[in-house]
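Hi everyone, thanks for coming. I'd like to walk you through one structure today, going helix by helix. Have a look at it first, and then we'll start.

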Amino acid sequence: MSWLVVRILFLFLVPMGLSQGLAQSPLYSFSPNVQQAYREVFKLKVNAAKVLLDKEKSPNALAVYVENYTDMVTLLVSDNKALFDQLSPHQDERLSWLDDQPNSPYQRFIQAEIRLHWAFIKLKFGKEMSASWDIIKAYRLLAENARLYPDFVPTYKSLGLLHVLIGSAPQSYQWVAKLLGLKGNIPQGLREVQRVIQQDKVFSLEAQLIQTLLHAYILTYAEKQNTELLQLVHSQPDNLLLHFFGTTVSMKDGRGEQALGLLKQRPTGSAYFAFPFLEYLEGEILLQKGQYAAARTQLNEFLGQYKGQNFLKDTYLKLFLSYWLVGEDADANVFLGKIGKVGATYVESDKAAFKFAENYTKGLISNQQKTLMKARLAFDGGYLEEAAAALKNVNEASFENGRDRAEYRYRLGRIFQRQEHTEVAIPNYERAIVLSQAQGLYFGATSALQLGYIYQAKGLRAKAIQYFQQALNYPKHEYKNSVDNKARAALTLLGVE
């Protein structure tokens, strides 16, 4: 399961709040201390949350739930392997305790959430098999809850999410899901999330966030979703985690200035759990803007604080680029040499960084790539004029090898598409597909995906289906998981199983 899915799952399954009105017995009551502890941990004030939980004396399933959520936040934010080994036994301890409690929809709901929390954690630490079984068991608990207690609305928060994620899985994985009893259906999942928004005052806020993030990471993201996201973040100015959500979604949609603004507005202080990854994000945006010295400062700040294993290769690649793109190759090569020596390759960006370093060492990365890289970085940040300017004085013939030519056409297509010049974008994407065929380059798959979106927007269903299916048919490439998820989701919504 890709890091994209890990991030989506983590973002989606953070509870936005409970109330005493949910409880049917003292065991499932959300006492004042537990309520406040939840609010604190959701803001990333982890120490304050722990102090409040320590005051809770009577057995309480929701206190156990918040304790588990505290572990999840601590491990996902810190990425600390030693701490993971130390805290891992908590999962079985909590699930075992819940097994002994009275039968209730709350019992299954909390058990499912605990399993999902630990699935996200395990995926980040490379424990994919164990994480997969936790997700399967969580799905079964939620599905059973829906069958036994169809009017228990909170169930559909996570069940709806899983229905969308399973429904967007590539066709090659669908038989495995069916064999395991996992049923995915995107329209159904969206309806379930909408049901929570409309019927459950406790979880409606979270369901709105889920809906927005589904559009950002799997479906399509428009101004409506962006407005809702900003309203949510600005409604809680002291919530560090929501500022993180807002930043990453903004960056995902090429809104670098918006993301940078949210980072600058984020709350700070010793009360908050250390979150060095935010320095990494700011460094990435500054690199996209071409502010290389400032980007280095942020990226080095991240390296100085961070104790985890992910994003290290990618950080050193970004430091390499900050020198290489301005012709300081000797300084750049110092950072290139570190890419293969640090961190892990669990996340797509680290895999791509490792492959770039290998190709560069083999002489497969030409200096002409500097032009394409500047265009790519500027486009990713939403700096379209700068991206277009980077390609202004070159054409396809300016590039010596097929990979660079394919990328040139793809970058042009993306710029024109984002500028709403779709008729100019189309032939560039088509040319990128042709140039990508011989080497199986990912530019072909991503071009096909974007052509699918263009023809879908035009109402040309058959052509859209043709290109979404073409995107799925590409063999393994750097971004296959994310491309396949999006293409599969689009096909499903077009009625293609």
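Let's begin at one particular glycine: just after helix H16, glycine 290 takes a positive phi of about 80°. Before going further, a word on where this comes from: we're looking at a predicted model, where local features need pLDDT of at least 70, side-chain atom pairs count only at pLDDT 80 or more, and totals for chains, interfaces and linings use all residues. Residues are numbered from 1 along each chain as its sequence is written, and side-chain values use heavy atoms, with hydrogens and water left out.

When I say helix, I mean a DSSP run of H or I with at least four residues, while strands are E runs of at least two, and the numbering goes from the N terminus.

So, H16 itself. This helix covers residues 277-288, and its end C-alpha atoms are 17 Å apart. How does that fit with 1.5 Å a residue? The twelve residues should span 16 Å, which agrees. That expected span is 1.5 Å times one less than the number of residues.

Is H16 enclosed or open? Twelve of its twelve residues are buried, so H16 is largely enclosed by the rest of the structure. Buried here means under 20% relative accessible area, with exposed being over 50% and partly exposed in between, using a 1.4 Å probe and protein chains only. The buried residues of H16 include Phe277, Tyr280 and Glu284.

Now, who sits beside it? H16 packs with H18 at an angle of about 30°, and the two axes are 11 Å apart. The axes are lines fitted to C-alpha atoms, for helices over the stretch in contact, and the angles run from 0 to 180 degrees between N-to-C directions. H16 and H18 are therefore roughly parallel to each other. For the wording, under 35 degrees is roughly parallel, over 145 roughly antiparallel, 65 to 115 roughly perpendicular, and the rest oblique.

From H16, the contact uses Tyr280, Glu284 and Leu287, and from H18 it uses Asp314, Thr315, Lys318, Leu321 and Ser322. Contact means heavy atoms within 4.5 Å. Sorted by class, that's three nonpolar, two polar and three charged residues. The classes go like this: Ala, Val, Leu, Ile, Met, Phe, Trp, Tyr, Cys and Pro are nonpolar, Asp, Glu, Lys and Arg are charged, and the others, Gly among them, are polar.

On to H18. This helix has 13 residues and reaches 18 Å from its first C-alpha to its last, close to the 18 Å expected at 1.5 Å a residue. H18 is mostly covered too, with 13 of its 13 residues buried. In the loop between helix H17 (292-305) and H18 (312-324) you'll find phenylalanine 311. Its phi is positive, about 70°, although phenylalanine 311 is not a glycine. At 5% relative accessibility, phenylalanine 311 counts as buried.

H18 has another partner, helix H20 (residues 348-361): their axes come within 7 Å and cross at roughly 50°. That makes H18 oblique to H20. The contact of H18 with H20 has eight nonpolar, one polar and three charged residues. Among the residues that meet are Leu317 and Phe320 in H18, and Ala353 and Phe354 in H20.

Next, a different pair. The axes of H9 (residues 155-167) and H11 (residues 186-199) come within 7 Å and cross at roughly 160°. That makes H9 roughly antiparallel to H11. The contact of H9 with H11 has eight nonpolar, five polar and three charged residues.

Leucine 142 is in helix H8 (residues 128-148), and leucine 142 is buried, with a relative accessible area of 0%. Which residues does leucine 142 contact, leaving aside its neighbours within four places in sequence? Among them are Phe109, Leu116 and Leu159.

Aspartate 79 is in the loop between helix H4 (61-78) and helix H5 (81-87). Its phi is near 55°, a positive value in a residue other than glycine, and at 1% relative accessibility aspartate 79 counts as buried.

Last one: alanine 445, in helix H25 (residues 442-457).
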